[in-house]
Amino acid sequence: MDPSPQEMVSSARAVIFDSDGVLVEEGAPLPGAADLINHLLETSKIVVVLSNNSTKHPETMKSNYHEKGLMVSNIVNSGMLAVEFCKREGISKVLVVGEQGLIDLLAEHGIEWTDEEPELVLVGMDRTLTYSKLASATRAIRGGCRFVGTNPDTSFPTSRGLEPGAGSMIAALIASTDVEPEIILGKPELFGYEFVLQSYQLKPADCVMIGDRYETDILGAIRADIPAIVVRTGIASTRESPGKWGEYPSVPVIDSLAELIG
Ligand SMILES: [Mg+2]
């Protein structure tokens, strides 16, 4: 018999959470999130947030969590994955279509924003997007510059409804250049999962991924051989179509994180 979601968590060494729709919604903690994190930390589990968000600096995310009583300190967002990608590829000059949190994070790691002969066009969610930014990025990519996306999420949930996410900005540049990005770093790509496994010296079977979005959190976990649980908050509760996750009955579904506390 398959283990219950509670058994999956209690036997894991590390629990990897998605952020929006799992731990928080509209910035407020979801029911059970703080208690579950405290319980995991008390039982010496490694607790990691793997977020596709690139707009906030990970330290900002951490202090936001702590202010809300979510005592998680291991944050991996897609901005950090971009830093890792640039380090591995020896890239130090990047034309960023993205927000200040991403530009600051890159700068801290010696990666300079430039529109003069960049080695890479990096595209994340940008709520200050302008025609001029898209034009610079288009010219660079058309001139042969490498092109990478932070995360594929086409939409971003807000209290006003779904608004454009990084995937929409990437789509605009695909349309203007006829070039596909060589990689989109966030979930469901393996890059972030492998970065978490390496960073915390874990094997896939040591972990459980808890997410609300099939196409990113759960699909990536399946690709990485990490056991996964869907929590029916966030996108999993509100979307009209459940997408493909219904085709994977082996992934257990829970209604709230509170169900995972023994
Ligand atoms: Mg989510």
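Q: Pro 188 sits in the loop between β12 (183–184) and α8 (190–199). Is the peptide bond from Lys 187 to Pro 188 cis or trans?
A: This is a predicted model, so everything here is read from predicted coordinates. Most peptide bonds are trans. For the bond from Lys 187 to Pro 188, though, omega is near 10 degrees, and that makes it cis.

Q: How far apart are the centres of domain 1 and domain 2?
A: Domain 1 comes in two pieces, 5–52 and 187–260, while domain 2 is 84–184. Taken over C-alpha atoms, the distance between their centres is 26 Å.

Q: How many charged residues are on the side of domain 1 that touches domain 2?
A: The contact draws 8 residues from domain 1 and 7 residues from domain 2. Sorted by class, the domain 1 side has 3 nonpolar and 2 polar residues, and its charged residues number 3.

Q: What is the distance between the end C-alpha atoms of α6, and what span should the helix have?
A: Helix α6 covers residues 131–142, which is 12 residues. At 1.5 Å a residue, that should span 16 Å, and the end C-alpha atoms agree, being apart by 16 Å.

Q: How wide is the arc covered by the buried residues of α6?
A: Ala 137, Ala 140 and Ile 141 are the buried ones. They sit on the same side of α6, because around the axis they cover an arc of only 95 degrees.

Q: Which exposed residues are on the face of α6 turned away from its buried side?
A: The buried side is covered by elements including β6 (93–97), β8 (120–123), β9 (146–149) and α7 (166–177). The face turned away from it carries Tyr 131, Ser 132 and Ala 135.

Q: Is Ser 44 buried or exposed?
A: Ser 44 lies in the loop between α2 (33–42) and β4 (46–51). Its phi is positive, near 60 degrees, and it isn't a glycine. With 7 other C-beta atoms within 10 Å, against a cut-off of 12 or fewer, Ser 44 counts as exposed.

Q: How many other C-beta atoms lie within 10 Å of Asp 178?
A: Asp 178 is in the loop between α7 and β12. It isn't a glycine, yet its phi is positive, about 60 degrees. Asp 178 is exposed, and the number of other C-beta atoms within 10 Å is 9.

Key:
Residues numbered from 1 in each chain as written. Predicted model: local features only at pLDDT ≥ 70, side-chain atom pairs only at ≥ 80, totals over all residues. Domains from an automatic or database assignment. Contact = placed C-beta atoms within 7 Å. Nonpolar A, V, L, I, M, F, W, Y, C, P; charged D, E, K, R; others polar. Helix = DSSP H or I, 4+ residues; strand = E, 2+ residues; numbered from the N terminus. Expected span 1.5 Å × (residues − 1). Buried ≥ 20, exposed ≤ 12 C-beta atoms within 10 Å, placed from the backbone. Arc of directions from axis to C-beta.
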